[in-house]
Amino acid sequence: MKKPSKFLLSGLLNTTLSYLAFLALFNLTKSVATALLSGMGVGIITSYILNRFWVWKVKENGSIWRFVTFQLFLVTINWLILHWVSLFEFSREIAQIFVYGIFAPLAYKVNELYIFSKRKKSRV
């Protein structure tokens with residue numbers, strides 16, 4: 001199986017788990033921040049494990065900091081988008097699905113070129 005297919009499958013799994021956690025916590029707490037952070041926590045852990053060991057097959061563990069930093073960036077942007085959407089009384093549950101669709105191709109390229117790249121990295 002090629003990397004884009006593996007990335008898509010791992011993304012579907014971690015997105016499903018992340019979205020289910022988001023929905024459950026949003027329905028329980030009605031707090032976007034709590035639901036988003038918890039859902040993203042589930043997604044980050046699942047995504048890192050699948051990407052590192054199955055999709056990109058990286059043995060070194062220096063990639064974890066780049067991965068977490070990028071994920072925190074995505075969480076911040078995601079939260080801002082959901083906050084903005086809430087101002088227009090649009091469903092945050094539906095908006096979250098669109099956010100995933102936008103972030104997926106971006107995440108693939110960043111993972112491929114920066115986070116899990118097998119090229120030698122300079123120690124600057």
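**Exercise 1.** Classify Phe98 as buried or exposed from its relative accessible area.

*Solution.* Phe98 has a relative accessible area of 55%. Buried means under 20%, exposed over 50%, and partly exposed in between, with a 1.4 Å probe and protein chains only. Phe98 is therefore exposed. This residue lies in helix H4, where helices are DSSP runs of H or I with at least four residues, strands are runs of E with at least two, and numbering starts at the N terminus.

The model is predicted: local features need pLDDT of at least 70, side-chain atom pairs count only at pLDDT 80 or more, and totals for chains, interfaces and linings use all residues. Residues are numbered from 1 along each chain as its sequence is written, and side-chain values use heavy atoms, without hydrogens and water.

**Exercise 2.** State which elements the chain has, and in what order.

*Solution.* Count first: there are 4 helices and 0 strands. From the N terminus on, the order is α-α-α-α.

**Exercise 3.** Compare the radius of gyration of the chain with that of a compact globule.

*Solution.* The radius is taken over C-alpha atoms, and the globule rule is 2.2 Å times the number of residues to the power 0.38. For 124 residues the rule gives a value near 14 Å; the chain has 15 Å, which agrees. The C-alpha trace spans about 45 × 35 × 20 Å along its principal axes.

**Exercise 4.** Find the percentage of residues that count as buried.

*Solution.* Of the 124 residues, 38% count as buried. Lys3, in helix H1 (residues 3-29), is partly exposed because its relative accessibility is 36%.
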